[in-house]
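Hi there,

Here is the structure I promised to pass on. Please have a look at it first, and then read my notes below.

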Amino acid sequence: MEDLAKALAAVRRLCPVPLEDHQLAALVDFTFNAGAGNLQISALRQCVLRGDHERAAEQFGRWVYARGVKLPGLVRRRQAEEALYVRAV
């Protein structure tokens, strides 16, 4: 629960723009998994800050590698986050 609260606080700090609940949830899940530092440097964040939600949703799929290896589990996780972000669940 503490880690989740930290991820939520990081998203609110790094993305101080109006977000729908489903968008916030997707960003918190991403941050919980990938880390606030990665959110901070990401094109995903830049798209969110610009209000370009279509392009933001596309950015989740870029974060599927660990140490240069594409991981099926990360692919599934990012697809779920993208679907949640666009509310296609």
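Before the helix packing, a word on terms: axes are lines fitted to C-alpha atoms, for helices over the stretch in contact, and angles run from 0 to 180 degrees between N-to-C directions. Helices are DSSP runs of H or I with at least four residues, numbered from the N terminus. Please keep in mind that this is a predicted model, in which local features need pLDDT of at least 70 and side-chain atom pairs count only at pLDDT 80 or more, while totals for chains, interfaces and linings use all residues. Residues are numbered from 1 along each chain as its sequence is written, and side-chain values use heavy atoms, with hydrogens and water left out.

Let me begin with the helix pair. Helix α1 (residues 2-14) packs against helix α2 (residues 21-34) at an angle of about 120 degrees, and their axes are 8 Å apart. On the α1 side, the contact (heavy atoms within 4.5 Å) is made by D3, L4, A7, L8, A10, V11 and R12, and α2 brings L24, L27, V28, T31 and F32.

Together with M1 and F32, L4 makes a nonpolar surface patch of about 370 Å². Such patches are made of residues with over 30% relative accessible area and no salt bridge; like charges are joined within 9 Å, and nonpolar side chains (Val, Leu, Ile, Met, Phe, Trp, Tyr) within 5 Å. The areas come from the Shrake-Rupley method with a 1.4 Å probe, and for residues only the protein chains shown count as cover. L4 counts as partly exposed because its relative accessibility is 38%; on this scale buried means under 20%, exposed over 50%, and partly exposed in between (1.4 Å probe, protein chains only).

Now the charged side chains. A search of the whole structure finds four salt bridges, each being a side-chain nitrogen of Lys or Arg within 4 Å of a carboxyl oxygen of Asp or Glu. One of them joins R77 and D29, at 3.5 Å from N to O. This pair links distant parts of the chain, since R77 sits in helix α6 (residues 72-86) and D29 in helix α2, 48 residues apart. R77 is partly exposed at 27% relative accessibility, and D29 is partly exposed at 28%.

R78 forms another salt bridge, with E81, where the closest N and O atoms are 2.9 Å apart. Because R78 and E81 are three residues apart in helix α6, about one helical turn separates them. Both R78 and E81 are buried. D29, R77, R78 and E81 are linked in a network of salt bridges. The side chains of R55 and D52 also meet in a salt bridge, at 3.8 Å from N to O; R55 is partly exposed with a relative accessible area of 46%, and D52 is partly exposed with 26%.

Two more residues may interest you. H22, found in helix α2, is buried, with a relative accessible area of 14%. Not counting residues up to four places away in sequence, H22 touches L84, Y85, V86 and R87. R76 lies in helix α6 and is exposed, with a relative accessible area of 56%. R76 and G61 are 15 residues apart in sequence and 9.3 Å apart in space, C-alpha to C-alpha.

Best wishes

Methods:
Helices (H or I, at least four residues) and strands (E, at least two) are DSSP runs, numbered from the N terminus.
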